[in-house]
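Me: Can you walk me through this one? I'd like to go question by question.

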Amino acid sequence: MLTLTKDRALALAMLVITGILMAETRNIAPPTSWQPYGSALFPQILLGIIAVLSLLLLLRTWLVSQGVASSEPSRPRRSLTEWVRHNATVLSLFGLFGLYALLLPLIGYLIATLAFLMASLALLLGIDTRRKWLINLVVSCTIAPLVYVIFRFVLNVWLP
Amino acid sequence: MADFFLQALAQVGTPSVLLLILIGVLFGIIGGSIPGFTVTMAILVVFPFTFAMDPVSGVSLMVGVFVGGYSGGIVSGVMLGIPGTPSSITTVYDGYPMAQRGEPGRALGIGVAASFIGTLISVAVLVYFGPLLASFSMNFRPWEITALIIFALTLVAGLSHGALLKGLLAAALGLLITTVGYDRNSNLRFDFGFDALGAGFEMLPVMIGIFAFSQLMGNLEKLRDDPQSAKGANTNVAIPYTRILRDMAGQKLNTLRSSLIGSLIGALPGTGGTVANFVSYDQAKKFSRHPERFGTGIPDGIVASEASNSAVAGGAFVPTLALGIPGDLPMAIMMGVLILHGITPGPLMFEQNPILVGAIYASLMIGAVVMVLCQLLLVRWFAKISLIPQQILVPVVLMLCAIGSYALNNNLFDIWVLFAFGILGYLLWKASVPLTPLILGVVLGDNLERQLFRALELDSSWLTFLTRPLSALFLSLAVASVIFSLYQNRKIQRLQADEATSRNA
């Protein structure tokens with residue numbers, strides 16, 4: 001049975017995306033009488049190229065499994081739970097960034113940025129010693145207002 | 001030539017622009033000296049600050065970061081044994097052993113001096129070859145430009161660490177990203193019913209998202225897998241000036257050769273500082289009377305490495321300014337800055353914006369002088385800054401990326417674009433997809449489509465691409481670069497297989 005390697009997952013994801021976008025190109029307006037080619041042609045060419053390359057990648061992964069060539073070093077396989085636990089920090093940081101983007105228009109730049117910096121520094125540095133807390137506070141409380149001042153008063157750019 | 005250069009010099013010579021170059025160089029050195037931060041990241045972080053500036057100020061600031069960034073990699077390379085940027089990997093080979101022998105100041109001083117000379121030589125190459133290439137490419141019509149862009153993309157994809165298929169896939173994906181929104185005929189594409197997608201994606205949040213997230217999250221993963229990589233170092237450094245002058249006097253040929261190699265490699269699409277670094281180190285070793293001493297902490301290795309990677313700066317501007325084809329990632333972002341300021345790099349830039357071209361030359365030269373002064377005077381501080389942990393750096397840079405993306409159009413949607421492409425970039429990085437072709441695709445996509453359809457409107461036959469000599473040449477080179485990459489991949493796989501067999505035997 002073929003297992004889902006990185007290359008295989010990539011090729012399959014690309015093929016799915018290509019299929020959806022190819023279907024979507026039908027909604028693009030057709031060429032007018034004075035246009036030799038329509039607006040859908042360029043994306044269709046690219047989608048065709050992506051589909052062919054994805055199929056070649058898929059074929060190569062099959063050849064790899066037959067022992068012809070190996071492009072990926074073999075690593076111990078992890079279950080989804082193990083993978084999430086292994087990448088917990090990175091995933092949490094993505095989560096914090098999403099939350100930051102969500103809160104920015106609601107509570108404004110200063111509070112949202114302070115909260116984001118403090119939370120992400122706590123996540124990455126830890127909060128088990130007084131020194132780490134101090135670093136967290138100093139970095140967050142310096143950088144957030146400093147960037148505000150530079151954008152607002154030096155560059156005349158309003159932040160939310 | 002002299003006339004517009006003097007006018008440009010007058011604009012760059014104002015106190016405010018000189019201050020911007022100083023800030024750019026300082027930030028570039030700091031960025032380059034922090035392991036894992038890279039020149040590209042430094043440029044991306046500074047990019048949003050140029051929005052409110054006039055083109056000369058914005059470009060001067062960015063050129064400062066560029067010059068500083070390429071020289072900054074030496075600091076962590078010498079002090080920590082970790083290259084600050086990929087383009088200073090070979091600096092570590094001799095810089096770190098020299099520092100461990102108790103001569104960190106000498107190693108840093110030699111590197112800074114070589115960087116300075118390398119940058120100046122590359123500016124000379126840019127001044128001489130830029131206008132030549134631009135005037136030659138004035139004859140290019142849509143067929144030639146289309147074929148040239150395709151050649152550049154295949155070349156970059158082919159050189160992506162042996163992952164040709166994924167490199168080509170990434171380039172096509174990058175081009176596809178530019179098709180979202182209204183096109184040249186005012187037809188809407190891939191909006192999926194969301195009004196916000198009508199305007200398409202802004203290039204900046206897409207580039208930052210793809211590159212910055214993958215790089216920063218990758219740094220965190222490396223730190224998790226190898227916590228020892230964040231070890232400290234003695235940052236008490238003093239520069240022995242007379243010793244360095246004597247060292248450099250004995251390295252004239254090496255400096256010249258390495259600078260020319262760096263300039264030449266910088267001018268080729270798809271290469272850049274890392275390739276220049278290895279090629280010139282290898283050449284210095286081959287031409288040396290004592291090759292066995294390379295890697296033990298000798299000035300020859302540091303000079304070869306630093307002169308070449310700094311010379312990439314000027315060389316890389318040649319195709320970007322003259323053809324509108326960025327050769328590497330930092331140049332792709334540099335091109336983004338120019339486009340943002342309403343300037344389209346290409347053959348016409350030398351005619352339509354000669355003062356800006358002159359400003360780039362002048363900023364490069366002034367930047368080199370500022371760089372050498374900053375490095376020699378503040379090296380002790382840069383050495384301390386190189387110890388900033390990734391745990392502090394990553395959240396701050398992510399926040400700056402978000403604010404930079406927002407500040408582009410005062411549009412919160414751009415932060416979501418950044419986030420979405422950040423996730424995409426990270427996933428592609430995890431799948432070992434090279435991101436440089438993807439970003440080049442994003443930068444060149446609009447131009448490729450425009451030129452392709454202009455060519456087809458002038459002559460609806462696709463065969464014209466093959467009957468015009470220059471476009472046929474570029475397309476043949478594109479095919480040749482793909483075939484060469486396939487051949488190289490095979491060769492590498494065969495070598496790896498032989499190695500594995502001999503190990504098992």
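Reply: Buried means under 20% relative accessible area, exposed over 50% and partly exposed in between, with a 1.4 Å probe and protein chains only. This is a predicted model, where local features need pLDDT of at least 70, side-chain atom pairs count only at pLDDT 80 or more, and totals for chains, interfaces and linings use all residues. Residues are numbered from 1 along each chain as written, chains are lettered from A and ligands numbered from 1 in written order, and side-chain values use heavy atoms, without hydrogens and water.

Me: Is B:F317 buried or exposed?

Reply: B:F317 sits in helix α13 (residues 299-323) of chain B; helices are DSSP runs of H or I with at least four residues, numbered from the N terminus. Its relative accessibility is 1%, so B:F317 counts as buried.

Me: What kind of ring pair do B:F66 and B:F317 make?

Reply: Rings of Phe, Tyr and Trp (its six-membered ring) pair if their centres lie within 6.5 Å; planes under 30 degrees apart are stacked, over 60 edge-to-face and the rest tilted. Here the centres are 5.6 Å apart and the planes at 70°, so the pair is edge-to-face.

Me: How is B:F129 classed, given 43% relative accessibility?

Reply: Its ring pairs with that of B:Y128, with centres 5.0 Å apart and planes at 90°. B:Y128 counts as exposed at 55% relative accessibility. At 43%, B:F129 counts as partly exposed.

Me: How many aromatic pairs are there over all chains?

Reply: Some ring pairs link residues into a cluster, including A:F94, A:Y100, B:F213 and B:W416. Searching the whole structure gives a total over all chains of 26.

Methods
Helix = DSSP H or I, 4+ residues; strand = E, 2+ residues; numbered from the N terminus.
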